[in-house]
Amino acid sequence: MSDVRQRVNREQGSDAAEPPPKEDVSKIPSSEDEDDDALNVGEVADASSLPQASDKTTGALDSALKDLSPRWRNWVVRGIFSWVMIFGFGFMIYLGPLALVVVIFAIQIKCFHEIITIGYVVYKSFDLPWFRTLSWYFLLVSNYFFYGESLIDYFGVLLHRAEFMRPFVTFHRFISFSLYIAGFVAFVCSLVKKHYLKQFTLFGWTHVTLLIVVTQSHLIMQNIFEGLVWLLVPVSMIICNDIMAYMFGFFFGKTPLIKLSPKKTWEGFIGGAVSTVFFGIGLSYFLVQFDSMVCPISYDEVKNSMSMECERHPVFVLSEFGIPATIQTFLSVFGFPQTTIKIYPFLLHSISLSLFASVIGPFGGFFASGFKRAFKIKDFGDTIPGHGGIMDRFDCQFLMATFVHVYYTSFIRAPNPQKIIQNVLLLSSEEQVQVFHMLRDKLLARGLLSLQNVTMPS
């Protein structure tokens with residue numbers, strides 16, 4: 001019998017299966033150590049109980065539209081409130097840049113509220129301590145940091161004049177870090193056994209929301225301070241693309257564009273893109289005529305007030321460009337023998353902005369659509385009849401704002417003498433004199449300044 005066993009073992013060779021190792025029972029976590037709130041698919045609630053977009057309006061308007069089909073009723077309601085938002089935006093522009101900053105801050109808070117509320121409902125966090133309190137605390141701290149950075153960068157001299165503001169200007173980053181650490185410690189202290197996974201998930205949810213909403217709204221504010229044109233043109237392009245894509249899709253749309261958003265069509269996508277390019281060029285040409293639109297916002301010490309006067313950046317100055325030979329030949333056929341053309345360089349930049357707004361911008365909306373589908377909701381809220389929540393209108397705007405900021409800092413921004421002087425004025429008197437001597441010596445060495453033109457400081 002032993003000979004038979006040996007023969008079988010030789011035939012099986014190395015393929016013989018070894019017995020599985022015994023499990024170390026001591027390493028298996030007990031049910032008491034497991035997280036009762038493990039985020040299994042079945043345990044994550046959908047957010048269908050959240051407020052959703054509707055066409056419900058005032059009684060008079062509801063009565064006037066009662067005979068329309070749902071499709072046309074939505075079209076009319078959406079159109080009416082689109083114009084309401086456009087005129088409201090125009091009124092904010094009339095009030096000035098600081099009013100726009102306040103509006104952006106209010107929009108940011110509402111967008112944050114809509115996203116945090118989804119997490120609050122979906123992950124059943126009603127029994128978790130301090131979740132909402134800490135979420136709003138982190139929003140406050142992040143705004144303190146970002147808005148403080150911008151105000152110090154643009155209005156540091158003005159802030160430094162007030163004695164009580166000087167510590168906040170000097171130690172701004174340390175104060176911001178300390179406030180964040182206080183929230184971090186509070187979160188750790190709020191952890192509850194058997195809720196760990198849910199709490200860390202919502203902690204990550206809060207921080208991703210801050211990244212999406214606060215960071216990008218901060219970039220919008222930076223764009224405003226660099227000149228209103230860097231806000232108005234991109235925002236208007238997104239609005240135009242959204243409206244025209246909807247119109248082309250409504251009347252001509254037949255070919256689905258993307259599964260994430262079934263109502264989007266290729267006809268709407270292409271029609272919106274072409275319309276946005278022409279609209280962007282026209283709007284850009286109109287806005288560059290006004291200094292108040294193209295000049296950065298700064299503090300004028302002489303006038304002791306905010307100023308929007310400047311020496312224009314070269315992209316806002318009418319410049320002459322040579323026309324390529326091929327195009328010259330084409331134009332000569334129609335009786336236009338021009339070899340050069342005078343245009344504002346900003347118009348060429350506006351084409352780049354409009355292409356991004358119409359081709360890449362909608363992907364911000366597709367991203368939001370995928371997010372909403374993941375949690376089985378139609379919209380982020382019901383703030384705007386026919387449109388949904390505030391976040392539904394600003395998903396593409398946030399993406400566009402980031403692109404504009406990156407584009408501006410990469411291709412447009414030039415050293416700003418006003419900012420340099422502001423930074424020098426923040427120094428002590430001795431340091432200011434030292435900067436003067438260093439700059440004088442450098443200019444003399446380069447032959448840009450003569451000794452006769454130099455007045456020595458007393």
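**View 1. Packing of helix α4 against helix α8 in the predicted model.** Helix α4, which covers residues 97–122, and helix α8, which covers residues 196–225, have axes that come within 10 Å and cross at roughly 165°. Because angles over 145 degrees count as roughly antiparallel, α4 is roughly antiparallel to α8. The crossing of these two helices is right-handed. On the α4 side the contact is made by Pro 97, Leu 100, Val 101, Ile 104, Gln 108, Cys 111, Phe 112, Ile 115, Ile 116, Ile 118 and Gly 119, while α8 contributes Leu 202, Trp 205, Thr 206, Thr 209, Leu 210, Val 213, Val 214, Ser 217, Ile 220, Met 221, Ile 224 and Phe 225. Sorted by class, the contact of α4 with α8 holds 18 nonpolar and 5 polar residues, with no charged residues.

**View 2. The largest cavity and its lining.** The structure holds 1 cavity of 30 Å³ or more, and about 110 Å³ of space lies in the largest cavity. Its lining is made up of 13 residues, among which Phe 131, Leu 134, Phe 187, Gln 199 and Phe 203 lie nearest the centre of the cavity. Two or more lining residues come from each of α5, α7 (172–190) and α8. The lining of the largest cavity divides into 9 nonpolar and 4 polar residues, and no charged residue takes part in it.

**View 3. The second largest pocket and the elements around it.** About 710 Å³ of space lies in the second largest pocket, which is lined by 28 residues. Of these lining residues, Pro 296, Cys 310, Glu 311, Asn 416 and Pro 417 lie nearest the centre of the pocket. The elements that supply two or more residues to this lining are the helices α5 (131–161), α15 (390–412) and α16 (417–425), together with the strand β3 (298–300). Among the contributors, α16 gives the most to the lining, with 4 residues. By class, the lining of the second largest pocket contains 14 nonpolar, 6 polar and 8 charged residues.

**View 4. Helix α13 beside helix α14.** Helix α13 (residues 345–360) and helix α14 (residues 362–374) pack at an angle of about 25°, and their axes are 5 Å apart. Since angles under 35 degrees count as roughly parallel, the two helices α13 and α14 are roughly parallel to each other. The contact is formed by Ala 357, Ser 358, Val 359 and Ile 360 of α13 with Pro 362, Phe 363 and Gly 364 of α14. The residues of the contact of α13 with α14 comprise 5 nonpolar and 2 polar residues, and no charged ones.

**View 5. The crossing of helix α14 with helix α15.** The axes of α14 and α15 come within 7 Å and cross at roughly 130°, which means that α14 is oblique to α15. In this arrangement α14 passes α15 in a right-handed crossing. From α14 the contact draws on Pro 362, Gly 364, Gly 365, Ala 368 and Lys 372, and from α15 on Asp 392, Asp 395, Cys 396 and Leu 399. By class, the contact of α14 with α15 has 4 nonpolar, 2 polar and 3 charged residues.

Technical notes
Residues are numbered from 1 along each chain as its sequence is written. This is a predicted model: local features need pLDDT of at least 70, side-chain atom pairs count only at pLDDT 80 or more; totals for chains, interfaces and linings use all residues. Side-chain values use heavy atoms; hydrogens and water are left out. Axes are lines fitted to C-alpha atoms, for helices over the stretch in contact, and angles run from 0 to 180 degrees between N-to-C directions. Angles under 35 degrees count as roughly parallel, over 145 as roughly antiparallel, 65 to 115 as roughly perpendicular and the rest as oblique. A crossing is left-handed if the near helix is turned anticlockwise from the far one by less than a right angle, and right-handed if clockwise. Contact means heavy atoms within 4.5 Å. Ala, Val, Leu, Ile, Met, Phe, Trp, Tyr, Cys and Pro count as nonpolar, Asp, Glu, Lys and Arg as charged, and the others, Gly among them, as polar. On a 1 Å grid over the protein atoms alone, a cavity is a set of points where a 1.4 Å probe fits but cannot get out, and a pocket is an open set with protein on both sides within 12 Å along at least five of seven lines; lining residues have an atom within 4 Å of a point. Grid points are joined across faces, edges and corners, and a volume is the space filled by probe spheres set on the points.
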